[in-house]
Amino acid sequence: MTITDLVAPEAILPALKVISKKQALQELAARAASLTGQNERSVFEVLLQREKLGTTAVGYGVAIPHGKLPKLEKLFGLFARLERPIDFEAMDGQPVDLIFLLLAPEGAGADHLKALARIARLLRDQDVAKKLRASRDAQAIYSVLALPPASAA
């Protein structure tokens with residue numbers, strides 16, 4: 001499984017304008033719902049519940065909000081580069097400007113965890129993060145996400 005198996009070009013938001021974590025989650029839930037046919041409120045609630053367990057910000061300006069939905073057919077990813085970094089309650093205290101949303105079917109199990117690990121590895125790579133931050137449109141971002149991971153070489 002590659003990152004581009006999870007996220008389609010239309011699931012990339014190159015310059016999302018939000019001012020808070022809650023607003024970011026609302027915007028991402030709305031976009032994810034429109035692309036997956038899921039209920040927007042359900043997506044938002046799942047993300048909010050997961051954040052209550054602890055922040056999904058993984059450091060270095062990256063957050064990976066995620067959750068499981070009963071009616072989802074397959075793993076779904078959505079990537080957003082924020083126009084301005086926001087506070088996401090990250091452990092390292094850094095504001096977040098790169099967000100990868102991952103939704104999984106309720107029975108996804110190990111696939112969900114493998115996808116989360118792969119996304120975290122990719123986005124914590126400082127070269128990849130720098131390229132993502134420099135990319136100004138969805139196609140450029142998609143090209144960066146499609147790069148093979150350096151650690152796999």
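Predicted model: local features only at pLDDT ≥ 70, side-chain atom pairs only at ≥ 80, totals over all residues.
Which residues of α2 are buried? They are K21, A24, L25, L28, A29, A32 and A33. Looking down the axis of α2, you find these buried residues within an arc of 160 degrees, so they line one face of the helix. What do they pack against? The partners are strand β1 (12-16), helix α3, strand β5 (76-86) and strand β6 (96-105). After α2 comes G37, which has a positive phi, near 80 degrees.

Helix α3 covers residues 40-53, and V43 lies in it. V43 has 0% relative accessibility and therefore counts as buried, the cut-off being under 20%. Setting aside neighbours within four places in sequence, V43 is in contact with A29, A32, A33, Q38, L69 and L103. Of these, A29, A32 and A33 are also among the buried residues of α2. The C-alpha atom of V43 is separated by 8.0 Å from that of A30, and the two residues are 13 apart along the chain.

Now helix α4, residues 110-124. Its 15 residues, at 1.5 Å each, should span 21 Å, and the end C-alpha atoms are 21 Å apart, which agrees. The buried residues in α4 are H112, A115, L116, I119, A120, L122 and L123. They cover an arc of only 165 degrees around the axis, so they sit on the same side of α4. What does the face turned away from that buried side carry? It carries the exposed residues L113 and K114.

Apart from neighbours within four places in sequence, H112 is in contact with H66, G67, K68, L75, L102 and A104.

Last, a pair of helices. Two packed helices are described by the angle between their axes and the distance between the axes. For α5 (residues 126-134) and α6 (residues 138-145), the axes come within 9 Å and cross at roughly 170 degrees. Angles over 145 degrees count as roughly antiparallel, so α5 and α6 are roughly antiparallel to each other. On the α5 side the contact is made by V128, K131 and L132, and on the α6 side by I141, V144 and L145. These residues divide into five nonpolar, no polar and one charged.

Conventions
Residues numbered from 1 in each chain as written. Heavy atoms only, no water. Axes fitted to C-alpha atoms, helices over the stretch in contact; angles between N-to-C directions. Helix = DSSP H or I, 4+ residues; strand = E, 2+ residues; numbered from the N terminus. Parallel < 35°, antiparallel > 145°, perpendicular 65-115°, else oblique. Contact = heavy atoms within 4.5 Å. Nonpolar A, V, L, I, M, F, W, Y, C, P; charged D, E, K, R; others polar. Expected span 1.5 Å × (residues − 1). Buried < 20%, exposed > 50% of the residue type's maximum accessible area, 1.4 Å probe, protein only. Arc of directions from axis to C-beta.
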